Amino acid sequence: ANNTGLGDRALSSNTTASNNTAVGKDALLLNTTGTYNTAVGTIALDANTTGGQNTGIGYGALSGTTTSSNNTAVGFESLITNTTGGENTAIGRDSLKLNTTASNNVAVGFAALGANTTGTENVAVGANAGDANTTGNNNVFVGRDAGTENTTAGNNTFVGERAGAANTTGDESVAVGQFAYSANTTGVDNV
C-alpha cells in the first residue's frame with residue numbers, strides 16, 4: 001500500500017512492502033517487504049529486498065544494498081556496492097562507492113571515502129577526502145584530499161587541504177591546516 005513505481009520494472013517484485021517510491025528503470029527492482037524506501041535513478045536500490053528507510057538518488061545509488069536500512073546515497077554510484085552496511089550517508093559521485101558492510105560513515109564530496117569497504121565511524125568532507133581508506137575506523141577527514149592515502153589507520157583527525165595526505169597506516173594523529181602532516185606515512189600519536 002502507498003507505493004509509487006515509475007519506470008521499467010520499478011518495484012516489480014514488491015509483495016507486502018509499503019510506503020516506497022521508485023522512479024527509474026529497475027529502481028527497487030527486487031524489493032519485496034522493505035518499507036519507506038526512496039529510489040530515484042536507474043538501478044537505484046535495485047537489489048534491496050527487505051531493507052527499509054533507505055534513500056538512493058542517482059544512477060546506481062545503493063544498488064548493491066540487500067537488507068540494510070537507514071542509508072542515504074545521493075550521486076552517481078554513491079554506495080553502489082553496499083550490501084548490509086547501515087546508517088551511512090554518502091553525498092557526491094562515487095562517495096562510499098566500495099563500501100560493503102561498514103556502518104555509520106559520512107562521506108560528502110566527489111569520491112569521499114570512495115574505497116572504504118568495512119571501515120566504520122568515519123567522516124570525510126571534501127573531494128577525495130579519505131578516498132583510499134578501506135578498513136580504518138573512527139577517522140575525520142575535512143578538506144580536499146585530506147587523508148587521501150589513509151588505508152587502514154584509525155582514530156585520526158585531518159583538517160585542511162591535503163592534511164595528512166600521505167598517511168597510510170599511522171594511527172591516532174591530529175593535523176590542522178593546509179598541507180599539515182602531509183608527508184607522514186606511518187607515524188603514530190602525533191599532533
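D145 is buried, with a relative accessible area of 9%, where buried stands for under 20% relative accessible area, exposed for over 50% and partly exposed for what lies in between, using a 1.4 Å probe and protein chains only. R144, by contrast, counts as partly exposed at 43% relative accessibility. These two residues form a salt bridge, their closest N and O atoms being 2.7 Å apart; the term requires a side-chain nitrogen of Lys or Arg within 4 Å of a carboxyl oxygen of Asp or Glu. Elsewhere, salt bridges with shared partners join E77, R93, D94 and K97 into one network.

## Basis of the description

The model is predicted, so that local features need pLDDT of at least 70 and side-chain atom pairs count only at pLDDT 80 or more, while totals for chains, interfaces and linings use all residues. Residues are numbered from 1 along each chain as its sequence is written, and side-chain values use heavy atoms, with hydrogens and water left out.

## Other salt bridges

Side chains of opposite charge can pair when their charged atoms come close. The count for this structure comes to eight salt bridges, and one of them joins E77 to K97, with the closest N and O atoms 2.9 Å apart. This pair links distant parts of the chain, since E77 sits in the loop between β5 (72–74) and β6 (89–91) and K97 in the loop between β6 and β7 (106–108), 20 residues apart. Helices (H or I, at least four residues) and strands (E, at least two) are DSSP runs numbered from the N terminus. E77 is buried, its relative accessible area being 15%, whereas K97 is partly exposed at 26%.

A further salt bridge is formed by K25 and D26, whose closest N and O atoms lie 3.1 Å apart. In this pair K25 is partly exposed, at 38% relative accessible area, while D26 is buried at 7%.

## Aromatic residues

A pair of aromatic rings is described by the distance of the centres and the angle of the planes. Rings of Phe, Tyr and Trp (its six-membered ring) pair if their centres lie within 6.5 Å, and planes under 30 degrees apart count as stacked, over 60 as edge-to-face and the rest as tilted. The whole structure holds three aromatic pairs. Among them is the tilted pair of F158 and Y181, at 5.9 Å centre to centre with 40° between the planes. F158 belongs to strand β10 (residues 157–159) and Y181 to the segment after β11 (174–176), 23 residues apart, so that the pair links distant parts of the chain. F158 is buried at 0% relative accessibility, whereas Y181 is partly exposed at 22%. Together with F141, these two residues form one aromatic cluster.

V125 lies in strand β8 (residues 123–125) and is partly exposed, at 33% relative accessibility. Leaving aside neighbours within four places in sequence, V125 is in contact (heavy atoms within 4.5 Å) with V108, F141, V142 and G143. The C-alpha atoms of V125 and I91 are separated by 9.5 Å, although these residues stand 34 residues apart along the chain.

N99, in the loop between β6 and β7, is buried with a relative accessible area of 0%. The side chain of N99 reaches the backbone oxygen of A102 at 3.2 Å. Not counting residues up to four places away in sequence, N99 touches L79, T81, N82, N88, N105, N116 and T117.

Technical notes: Polar contact = N/O pair within 3.5 Å; in protein donor to acceptor, adjacent residues only side chain to side chain.
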